[in-house]
Amino acid sequence: MTTAESITPAWKALESHADETRSRHLRDLFAADPARADRYTANAAGLFLDYSKNRIDDQTMALLIQLAGESGLRERIDLMFSGAPINITENRAVLHVALRAPTGASIMHNGVDVVPLVHGVLDRMAAFAQKIRDRSWKGHTGKPIKNVINIGIGGSDLGPVMAYEALRHYTDRDLVFRFVSNVDGTDFAEAVHGLDPAETLFIISSKTFTTLETMTNARSARAWALAALKDEKAVARHFVAVSTSAKEVSAFGIDTANMFEFWDWVGGRYSMDSAIGLSNMIAFGPDHFRAMLAGFHAMDEHFRTAPFAQNMPVIMGLLGLWYTDFLGAETIAVLPYDQYLKRFPAYLQQLTMESNGKSVTLEGKPVSHPTGPVYWGEPGTNGQHSFYQLIHQGTRLIPCDLIGFARSLNPNGRHHDILMSNVFAQAEALAFGKTPEQVKSEGTPDWLVPHRVFEGNRPTNVILADQLTPAVLGALVALYEHSVFVQGTIWRINSFDQWGVELGKALAQRIIPELESPTEPALAHDSSTNALIKRYRAMRAR
């Protein structure tokens with residue numbers, strides 16, 4: 001079943017097409033089309049996509065592109081880039097693309113060109129970052145800063161962590177970078193372990209400066225620093241803020257001259273290239289940060305201008321939708337074959353699932369077709385020795401994105417060729433499998449044959465780039481950002497709000513005083529929650 005909004009001629013045709021082609025195997029598709037590997041490719045912003053090992057043919061792609069047209073994707077892209085308030089539940093524009101627009105570009109929001117504002121903040125970030133990097137910024141006791149700790153959560157943490165790990169090769173190795181997000185006190189304790197407060201800078205990232213987890217950690221950081229530095233004035237030298245609330249920042253004791261602004265048209269999970277990335281700019285420098293922004297922008301322009309049939313984010317978004325809505329896939333695995341991208345799947349989890357984990361349309365009506373597949377993954381080749389078994393021989397259809405690079409940042413003998421051989425081998429094995437006849441021809445006893453057969457017909461995208469540079473990372477992130485947008489447009493959902501995170505947070509605020517009360521509180525939750533609170537209080541008392 002689908003909603004009335006989704007039942008376009010192309011959607012209906014895709015349902016029929018899926019039924020008609022479900023039994024076709026990639027072996028047959030390749031045998032029937034010798035040029036398939038040349039035709040099902042795309043290039044953009046330094047990335048190459050081979051999507052030939054997908055369960056598609058020309059008709060599939062034509063219908064998917066028709067669906068994009070019938071869903072108003074072109075118009076929706078234009079609305080986003082024009083600054084229209086397409087986040088309708090919060091009446092906000094969606095202008096993360098402005099964060100990476102070059103000097104001289106113009107993007108309007110409420111009659112104001114926001115590009116100069118963005119570059120003004122970038123320039124201030126660069127000046128501050130350079131002071132930390134050249135050791136001219138001194139802490140309260142006169143020592144230079146050697147340790148930088150970013151405190152945030154969600155988009156204020158996942159993006160900076162992922163980018164730091166991805167571009168660690170380019171960082172100043174004489175500086176220590178750590179990240180705190182979890183309100184679990186262990187996260188903070190381990191982050192500051194072994195550090196000298198006199199040499200430590202905290203970046204507090206919170207739009208409102210009221211986020212419970214972030215501000216709880218920020219207050220612990222403040223107490224930790226002042227326990228050693230003994231002077232309230234030290235806060236101004238050891239804390240900076242990424243926020244929009246000068247009042248709250250000042251009340252905390254941070255000099256508002258060291259507050260770096262971003263705007264309500266920047267969603268948290270789209271903010272790593274805003275001031276939220278200050279820790280990254282310090283880590284790998286303003287020039288590399290701007291190169292990353294240029295990579296973002298190159299993919300933005302490709303997405304904005306390329307015909308859908310050659311548009312990499314459109315193609316990837318449509319393929320994900322094809323498997324989710326027409327072939328029954330529930331998850332998508334992202335498998336980077338580069339250790340530096342070890343946090344990239346976790347970053348994509350927020351980007352994709354917080355964006356498209358929605359069950360009502362823009363009109364507020366229930367959707368009755370799947371949205372928001374689960375994204376997950378680990379770096380290759382590690383995953384090959386854990387969960388690839390299920391992908392190859394399990395009962396679930398799991399499309400995979402395999403990401404690799406032609407050149408390693410750390411060449412070491414045969415390592416990189418061995419690594420990349422696995423990218424190509426896994427894609428080949430997943431697509432073509434191993435038939436019973438092939439298994440028998442190897443001398444396998446009949447009783448063992450079923451255990452060694454690989455069905456194949458498991459779809460993959462292979463994404464290749466020359467090397468993991470800042471520009472390539474920006475392009476890669478933007479590729480997935482826009483793929484999410486494509487899917488959200490066709491599903492007619494709002495990819496830019498996240499009301500689903502609010503209820504649990506609100507209930508937690510109610511429960512906190514019940515846990516901390518010195519006397520037995522009157523509880524009015526369900527019987528299970530009441531019992532758990534009582535048990536926790538009793539266990540803690542013992």
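Student: By class, how many nonpolar, polar and charged residues line the second largest pocket?
Tutor: The model is predicted, so local features need pLDDT of at least 70 and side-chain atom pairs pLDDT 80 or more, while totals for chains, interfaces and linings use all residues. Residues are numbered from 1 along each chain, and side-chain values use heavy atoms, without hydrogens or water. A pocket is an open set of points on a 1 Å grid over the protein atoms alone, with protein on both sides within 12 Å along at least five of seven lines, and lining residues have an atom within 4 Å of a point. With Ala, Val, Leu, Ile, Met, Phe, Trp, Tyr, Cys and Pro as nonpolar, Asp, Glu, Lys and Arg as charged, and the others, Gly among them, as polar, the lining of the second largest pocket has six nonpolar, nine polar and one charged residues.

Student: Which residues lie closest to the centre of the second largest pocket?
Tutor: This pocket holds about 320 Å³ of space, a volume being the space filled by probe spheres set on the points. Of its 16 lining residues, the closest to the centre are D338, Q339, S408, H416 and L419.

Student: What is the volume of the largest pocket, and which residues are closest to its centre?
Tutor: The volume of the largest pocket is about 960 Å³. Its lining comprises 37 residues, and those closest to the centre are G268, Q498, V501, E502 and K505.

Student: By class, how is the lining of the largest pocket divided?
Tutor: Helices including α7 (155-166) and α20 (502-516) each supply at least two residues of this lining, where a helix is a DSSP run of H or I with at least four residues. By class, the lining of the largest pocket has 12 nonpolar, 16 polar and nine charged residues.

Student: Which element gives the most to the lining of the largest cavity?
Tutor: A cavity is a set of points where a 1.4 Å probe fits but cannot get out, and the largest one has about 110 Å³ of space. Among its 16 lining residues, the closest to its centre are M316, G320, I332, D401 and N461. With five residues, the element that gives the most to this lining is α13.

Student: Which residues line the second largest cavity?
Tutor: This cavity has a volume of about 70 Å³. By class, its lining has four nonpolar, one polar and three charged residues. The lining residues are T21, R22, R24, L29, R55, I56, W322 and L327.
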